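Here are my notes on the model, point by point. Please read them with the structure open.

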Amino acid sequence: LENVENLYPTQISGGQQQRVALARALVINPQILLLDEPLSNLDAKLRDDLRREIKRIHKETGITMILTTHYMEEADYLCDRIAIIDHGKIVAIDNPVNLKNMLGGDVVILEIEGDANQYIEKLKELKWVKSLMVQNGILRMSMEMGERKIPNLVNLAEKNGVKINSVNLHKPSLEDVFLFFTGRKIRDEEGEGERREWTIREMRR
């Protein structure tokens, strides 16, 4: 901030304003620092720079930081422990790795056409499908070794008259964890567009 020390607050950028706010909070050497959406309204580069700066400060000072955020990648990068809050209640709390491991090894997303009720019932009977969520022709499942299970999912769909338009496979993210525990995506929580609820189907065991 040395190059902006003689400027008025209205003359500095959003990223510099966030740095000033962080410096003001740190100057009293607090034991606990509350950061409320510290990276909001910043472009991608400024957000990445400030994120790394916050992590550096935490590492060097050991200050306990409590962070509120809607950016899941931010929470994953900065936080040692994460609490997911839904309508004012904590629905899950753990470190990022354990939270993601709750969903199993892989997340498989199928975009389908046709009457899928029978197909969904068959999926619920599969022991290796750990969770199943449904919304507007999108099936989201968690399972181990998803790449090996996709042919089984496709064959089962064909037998039950369901057409699969696309298949997506990825490792669980905190966005997936948030969706699993709340039934909606972060962007729905932020109020962007119509709120879309997912149906979490009870699994038979």
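1. Of the 205 residues in the protein chain, 39% count as buried, meaning under 20% relative accessible area with a 1.4 Å probe, protein chains only. This is a predicted model: local features need pLDDT of at least 70, side-chain atom pairs count only at pLDDT 80 or more, and totals for chains, interfaces and linings use all residues. Residues are numbered from 1 along each chain as its sequence is written, and side-chain values use heavy atoms, without hydrogens and water.

2. The protein chain has eight helices and nine strands. These are DSSP runs, numbered from the N terminus: helices are H or I of at least four residues, strands E of at least two.

3. Look at helix α2, residues 44-61. Its 18 residues should span 26 Å at 1.5 Å a residue, and the end C-alpha atoms are 26 Å apart, so the two agree. The expected span is 1.5 Å times one less than the number of residues.

4. Which residues of α2 are buried? They are D49, L50, R51, I54 and I57. They pack against α1 (14-26), β1 (32-36), β2 (64-68) and α3 (72-78), with contact meaning heavy atoms within 4.5 Å.

5. Check both ends of α2. At its start, a side-chain oxygen of D43 comes within 3.2 Å of the backbone nitrogen of K45. Just after the helix, G62 has a positive phi of about 75°.

6. In the lining of the largest pocket, β2 has the largest share, five residues. Helix α2 is among the elements that each supply at least two.

Technical notes:
Buried means under 20% relative accessible area, exposed over 50%, partly exposed in between (1.4 Å probe, protein chains only). A polar contact is a pair of N or O atoms within 3.5 Å; within protein, one must be able to donate a hydrogen and the other to accept it, and residues adjacent in sequence count only if both atoms are side-chain atoms.
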